[in-house]
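Dear colleague,

Please read them with the model open beside you.

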Amino acid sequence: MYKGTLKQILLITDGCSNSGEDPIAMAALAREYGITVNVIGVMDRDVIDDRGMKEIEGIAMSGGGVSQVVYAKQLSQTVQMVTRKAMTQTLQGVINKELQQILGPNSSMEELPPEKRGEVMEVVDELGETVSLDILILVDTSASMKTKLPTVKEALFDLSLSLNARIGHNSYGVFVFPGKRQEVEKVLDWTPKLESLSTIFPKLTTGGITPTGPAIQEAISHFKNNSGIRSKVAYDEQYMEESGL
């Protein structure tokens, strides 16, 4: 049974990056570290241009995740749907790898008989409810996002409510780009609750540039730091247990 933690970056933006590293390359790097990158493009009355669309799709494809472009008013259900869909996709990939080890390199879930495939999907669904989930949310705060931020905040609240129904542990972090003093700014460190966003979001300032690549790069570093802390905690707990402390 899968015992790991699913790691997701959820990028919420309304346009194209125009500063720093290539976000598609950064998403590919995240994937190498076992982090799925999902992207939601938010439209108001305007539409996202072709270049923006290609970037949104390219980031999700490189990051092994899901992308969706929606109007701001549909954001809440989309954030939940994209997060769940990416979890299922990742778990199916994990199970496919296990099947290949058991049945040979050319086997996959699609080739199983329907009843067996149904059983495997039940396992995927069950894991989706029980596996630990770390989501690092990257919110574009470039100038054009100003009117959309209240909707983003509501969508993130709804996401945490929907995921709280799971048995598995959830942990969230939130970064904004650009920040007040630097390209990327941490506004919420790892926490099981997103409620504290209500005090943070009204204070956010919106600026001109969109450093999407640096934001993904910063998210990767934050995941790596988090893993180090987790390993140390687990090691310390094991040491204390073995020492009878």
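In H4, the residues Val120, Val124, Leu127 and Gly128 are buried, where buried means under 20% relative accessible area, exposed means over 50% and partly exposed lies in between, with a 1.4 Å probe and protein chains only. Seen down the axis of H4, these buried residues fall within an arc of 105°, so they line one face of the helix; the arc is that of the directions from the helix axis to the C-beta atoms. An α-helix has 3.6 residues a turn, so residues three or four places apart point the same way. On the other side of H4, Glu115 and Glu122 are exposed.

Please bear in mind that this is a predicted model, in which local features need pLDDT of at least 70 and side-chain atom pairs count only at pLDDT 80 or more, whereas totals for chains, interfaces and linings use all residues. Residues are numbered from 1 along each chain as its sequence is written, and side-chain values use heavy atoms, with hydrogens and water left out.

Helices (H or I, at least four residues) and strands (E, at least two) are DSSP runs, numbered from the N terminus. H4 covers residues 114-130, and its 17 residues reach 24 Å from the first C-alpha to the last, close to the 24 Å expected at 1.5 Å a residue, the expected span being 1.5 Å times one less than the number of residues.

The buried residues of H4 pack against helix H3 (75-103), contact meaning heavy atoms within 4.5 Å. Lys85 has its place in H3 and is partly exposed, with a relative accessible area of 45%. Between Lys85 and Gly128 there are 9.8 Å in space, C-alpha to C-alpha, although they are 43 residues apart in sequence.

Helix H1 (residues 23-32) and helix H2 (residues 50-62) pack at an angle of about 20°, with their axes 7 Å apart; axes are lines fitted to C-alpha atoms, for helices over the stretch in contact, and angles run from 0 to 180 degrees between N-to-C directions. That makes H1 roughly parallel to H2, since angles under 35 degrees count as roughly parallel, over 145 as roughly antiparallel, 65 to 115 as roughly perpendicular and the rest as oblique. Among the residues of H1 that meet H2 are Ile24 and Ala27.

Finally, the peptide bond from Phe177 to Pro178 is cis, with omega near 0°, and Pro178 is found in the loop between strand S5 (170-177) and strand S6 (185-191).
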